[in-house]
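Dear colleague,

I am handing over the structure below, followed by what was found in it. Please read the notes with the structure open beside them.

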Amino acid sequence: SATDLPLVAKGIMTGEDVESCADAGADAVIVSNHGGRHLDNTLGTIEVLSEAVAAAKGRTEILLAGGIRRGADVVKALALGARAVFIGRPLFWGLALGGEQGVIRVLDILREEIEITMAKCGRPTVADIDSTVVVKAPRL
């Protein structure tokens, strides 16, 4: 009630928490384990993404942060229902290596990898990416 700005909750890793955020009126949630640095052996964000999307039931947008290192990771996240992904570490690597031009180069590489992955999956547009491009390995 204090603002008209969109409300986004970050650090969500369970379907139950997604439901709580949606019930509280969150416009979006960011599935994130904060780099996995706070808990040893925590699940990767991609591993809990499907649960988060299912729990949202379309009431709130699901965004993904963490674990995005290649263009194929972006395609997988979109296929599993993320509306968008955040790029973290690769941008810092580019910045450290080449400043502004390094960041631009990282983004160019990611774009090229996304396009190649989409082409290999037979998906000409982002809107054509769906769950059929991902096969989940069974848990052992």
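At 5% relative accessibility, Thr-45 counts as buried (buried meaning under 20% relative accessible area, exposed over 50% and partly exposed in between, with a 1.4 Å probe and protein chains only). Thr-45 is found in helix α2, where helices (H or I, at least four residues) and strands (E, at least two) are DSSP runs numbered from the N terminus. Its side chain reaches the backbone oxygen of Gly-66 at 2.9 Å, a polar contact being a pair of N or O atoms within 3.5 Å, of which, within protein, one must be able to donate a hydrogen and the other to accept it, while residues adjacent in sequence count only if both atoms are side-chain atoms. Leaving aside residues up to four places away in sequence, Thr-45 touches Met-13, Val-31, Ser-32, Asn-33, Leu-64, Ala-65 and Gly-66, with contact meaning heavy atoms within 4.5 Å.

Please keep in mind that this is a predicted model, in which local features need pLDDT of at least 70 and side-chain atom pairs count only at pLDDT 80 or more, whereas totals for chains, interfaces and linings use all residues. Residues are numbered from 1 along each chain as its sequence is written, and side-chain values use heavy atoms, with hydrogens and water left out.

The largest nonpolar core has 27 residues, of which Val-18, Val-29, Val-31, Leu-49, Ile-62 and Leu-64 touch the most other members; such a core is a set of buried Ala, Val, Leu, Ile, Met, Phe, Trp, Tyr and Cys residues joined through side-chain atoms within 4.5 Å. At least two residues of this core come from each of β1 (8-12), α1 (15-23), β2 (28-31), α2 (45-56), β3 (61-65), α3 (71-79) and α4. Leu-64 touches, among others, Ile-30, Val-31, Thr-45, Leu-49, Ala-77 and Phe-86, not counting residues up to four places away in sequence.

The axes of α1 and α2 come within 8 Å and cross at roughly 35°, the axes being lines fitted to C-alpha atoms, for helices over the stretch in contact, with angles that run from 0 to 180 degrees between N-to-C directions. Gly-15, Glu-16, Val-18 and Glu-19 of α1 make this contact with Glu-51, Ala-52, Ala-55 and Ala-56 of α2.

In α3, 7 of the 9 residues are buried, and the helix is mostly covered. The buried residues are Gly-71, Asp-73, Val-74, Val-75, Ala-77, Leu-78 and Ala-79, and what covers them includes α2, β3, β4 (84-86) and α4. After α3 comes Gly-81, whose phi is positive, near 115°.

Thr-117 lies in helix α4 (residues 89-120) and counts as buried at 17% relative accessibility. A polar atom of the Thr-117 side chain lies 2.8 Å from the backbone oxygen of Glu-113, and, not counting residues up to four places away in sequence, Thr-117 touches Gly-71, Ala-72 and Val-75.

Lys-57, in the loop between α2 and β3, counts as exposed at 62% relative accessibility, and its phi is near 50°, a positive value in a residue other than glycine. Ala-127, in the segment after α4, counts as exposed at 74% relative accessibility, and its C-alpha atom is separated by 9.3 Å from that of Leu-78, 49 residues apart along the chain.

With best regards
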